[in-house]
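Here are my notes on this two-chain model, as numbered points. Please read them with the structure open.

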Amino acid sequence: MTAELGHLALALAMLCGICLAVFPSLGVWRRDARLMAMATPAAYWQLLLVLLAFVCLIENFINHDFSIQLVASHSNRDLPFWYRVAASWGSHEGSMLLWILMLAAWTAALAALSGHLPQAMRARVLAVLGAVSIGFYLFALLTSNPFERVVPAPINGRDLNPLLQDPGMVFHPPLLYMGYVGFSVAFAFAIAGLIEGRFDSAWARWVRPWTNVAWGFLSLGICLGSFWAYYELGWGGWWFWDPVENASFMPWLTGTALIHSLAVTEKRGNFRSWTVLLAILSFSLSLLGTFLVRSGVLTSVHAFATDPTRGVFILMFLCIVIGGSLSLYAARAHSVQASQAYSLLSRESILLANNILMVVAMFAVLLGTLYPLILDSLDMGKISVGPPYFDAVFVPLMLPALFLMAVGPLSRWRDTPVLPLAQRMRWAFAASLVIALLLPLTADSDYKPMTALGLLMAFWVAGGVAMAAFENMKTPSGAVDLSRLALQPGSWWGMQLAHLGVAAFVLGVTLVNSYEIEIEKKLSPGDVLKIEEGLSLRYAETTARQGPNYEAIQVRFELIRDQKVVGELRPEKRRYKASNMVMTEAGIKRSVLGDLYISLGEAVDGGWVTRIQKKPAVNWIWIGVVMIGFGGFWAAADARYRRRRVNSLRASPSDASSKIGKVSG
Amino acid sequence: MSRWLKAGLPLLFFLVIAWFLLKGLDRNPREIPSPLINRAAPVAVLEALPRLDDRAQAIAFKDLIGQVWLLNVWGSWCSGCQIEHPLLNRLAAEKLIPIVGLAWKDAPAQSHEWLSRLGDPYTMVVMDLQGKAAIEWGVYGAPETFLIDKNNKVRYKHVGPLSLEIIDKELRPLIASLKQ
């Protein structure tokens, strides 16, 4: 019965979504405060009902109700508890429900936290979110009902794809969807702003925390996906330029541009067209990602089972949402214009360059992702575009972005004289240059200019952060006072943390790309393999092991440094019983300095073709991205966003109140 | 007028993309006419390439003359190749015809890793590190598969991942008739 209850709850939630879209809009039109106020209960009830539907689905998975089509094809009696929970979003239908749940959660959060907004603006924003949700409800109920029954019910299920049986599956999709869907809030604000013709700094201040949080979640979601692919797919890569990875990366790029563009719109009133377009673009790209994964137009490891009807539906939805909002933009763009002058070298210019670089990078990724599809549509063949293309176009675009990243926070609005800026930054530049040139000399391998360039960028960005911190610690008398940093607002800390995260990320990427070692060798019990001077690996033993729903062959390797065993690695080959699929489980010894990564290939007469990789500093990639994500959260927690009852008319463009401790009531 | 154009540009761009997405919906990997069809296969360029394996030095391209054989263009970086790989493995297990692999712009270590992980259906593998042979063969992208007859003529080309249907309905009958 829970399935039917869930189905009913979902249908009722759609009614709430319709109420949310219709009544507040009517209220704005007829200036009826009571109708506008209906947005709040509609948003709350919607969340409650979707949550009920979602709990029903999870209950079906937990209690093995194989009469539900979804459970029968994505679960199994032997599947461990947490993977049964995660299996509920391991399918197209279930993940759609997760998407809807996230949208309902963001909508309810907005309803709860938007009391300080002007009533009409609040009603419009919530109505837009309601309208967007209707499309998703229709999609789920008409083409992808997660509660579909199957008669007769099978005795056991076909099991969740073994690749997905991992803790990553529990956290990666929810985090990623929080990010994807979170951009709907910025989108709704953009649409409401276009309708009202209002894009002042108060508007930007309302949007900023929501966008920062969504962007933070998206960063963490992508990071976790990359981390998961690294250890699960067994080949030690951390980014594959797979179409679906790209689908999550494109909204991240425009989202990055958006949070910077919003800063300009709030502080200076400029870049309004940029901000609106980027808000529309970020959410549109999230929707495009949904389309790409679910329509089967591209091949990808992530793709769900394909169904052309679904593709047509999402494409129609895409056209209505994206086409509609871009038409609105085209019609109202003239109302958006407003500009204050700024000189060629100013914080505005640097942020404009950032916007352009991010958007161009997004287009480069989009082109690479859609190129196979475009060629195919023109009858020119079916191809894959691989990492060589993406690396070739992406790195040159990111170099100037990294260079400007250190300069931007130190430059001034409107006009920054070149010489004083260069003087302030000369030590940071000299230090990063010296480190970048000398550090590669300490490595045993050949000197590669790209390594030095990568290091230069990493330390340059870090140097920019250090300079910003140092200048803020200086008292007017010239002394250095660490406690002065506490005066900086959350948005400052968030920005510096995120920028430092970028430095860590670039450092990790540079070191792992430059100095990774890869050995592939057939190893048998007792074999000792020298990895580098003083470090070797011994094949200790092979054991069989029973997992909850798989049987595994595990090889124990001992890591030997100077005749002493300093650690062990246990790579596995697993055969999942229900699906009879063989999975490679890598054995990894992690440290901040780098990983040793072992995966088993084919078994050959008593031993294994073994792939051993040494990956220096690889963990800094993910540490960096986690810092980036939390930077977004920290910035969103800035005290000035928490002020209630701001009189929006009095908020001035140059809001000088960005100091902690001035939380006025 | 130009203001309207500027404001409408994003919309226009989206419509172009939407059109391609729509076209993409009912697309399937399809047979692509190749100028090489019924022409001599450019084998010399393959012969000049380094071999990925050294185990099969016994087999050389001259041994293929007089046989019907398959050339499969792949790379460990290519997701479509992963899809067709099990089918190639099955085809190889039948020992129907020799399958020559052209590892296209792929690092040898990664090609090795790919084959040890997914199985090796190839009679031999040559490495096209620069992509020169692929140009000679008119390769659009990976994966692509060519069928070469006893007289060293290209008789068939498939662009994109092979499917069971294509192998059973197109390749097998053609191979059977070419072998006679």
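1. A definition to start. A crossing is left-handed if the near helix is turned anticlockwise from the far one by less than a right angle, and right-handed if clockwise. The crossing of α17(A) and α18(A) is left-handed. Helices (H or I, at least four residues) and strands (E, at least two) are DSSP runs, numbered from the N terminus.

2. Ground rules. This is a predicted model, in which local features need pLDDT of at least 70, side-chain atom pairs count only at pLDDT 80 or more, and totals for chains, interfaces and linings use all residues. Residues are numbered from 1 along each chain as its sequence is written, while chains are lettered from A and ligands numbered from 1 in the order in which they are written.

3. The α17/α18 pair of chain A. Helix α17(A) spans residues 490-515 and helix α18(A) residues 619-636. Their axes come within 7 Å and cross at roughly 165°. Axes are lines fitted to C-alpha atoms, for helices over the stretch in contact, and angles run from 0 to 180 degrees between N-to-C directions. The angle therefore makes α17(A) roughly antiparallel to α18(A). Angles under 35 degrees count as roughly parallel, over 145 as roughly antiparallel, 65 to 115 as roughly perpendicular and the rest as oblique. The contact of α17(A) with α18(A) has 19 nonpolar, nine polar and no charged residues. Here Ala, Val, Leu, Ile, Met, Phe, Trp, Tyr, Cys and Pro count as nonpolar, Asp, Glu, Lys and Arg as charged, and the others, Gly among them, as polar.

4. The α10/α13 pair of chain A. Helix α10(A) (residues 243-268) packs on helix α13(A) (residues 347-377) at about 165°, with the axes 9 Å apart. These two helices are therefore roughly antiparallel. Their crossing is left-handed. By class, this contact has 14 nonpolar, eight polar and two charged residues.

5. Domains of chain A. The assignment gives domain 1 (1-165), domain 2 (417-515 + 621-627) and domain 3 (517-617). Such bounds come from an automatic or database domain assignment. The C-alpha centres of domain 2 and domain 3 of chain A lie 37 Å apart.

6. Chain B overall. Chain B has seven helices and five strands. From the N terminus, their order is α-α-α-β-α-β-α-β-α-β-β-α. The C-alpha atoms of chain B fill a box of roughly 70 × 35 × 30 Å along the principal axes. Of its 180 residues, 41% are buried (20 or more other C-beta atoms within 10 Å of the residue's own; exposed is 12 or fewer, partly exposed in between, with C-beta atoms placed from the backbone).

7. Where the chains meet. Chain A brings 42 residues to the contact and chain B 35 (two residues are in contact if their C-beta atoms, placed from the backbone, lie within 7 Å). Helix α12(A) gives the most to chain A's side, with 14 residues. That side has 23 nonpolar, 12 polar and seven charged residues.

8. Helix α5 of chain B. In α5(B) (residues 108-118), the buried residues include W114(B) and L115(B). What do the buried residues of α5(B) pack against? They meet β1, β9 and β10 of chain A, together with β2 (99-104) and β3 (124-128) of chain B. G119(B) follows α5(B), with a positive phi near 95°.

9. S76(B). This residue is in the loop between β1 (69-74) and α4 (79-93) of chain B. S76(B) is buried because 22 other C-beta atoms lie within 10 Å. Beyond its neighbours within four places in sequence, S76(B) contacts D106(B), Q110(B), S111(B), E113(B) and W114(B).
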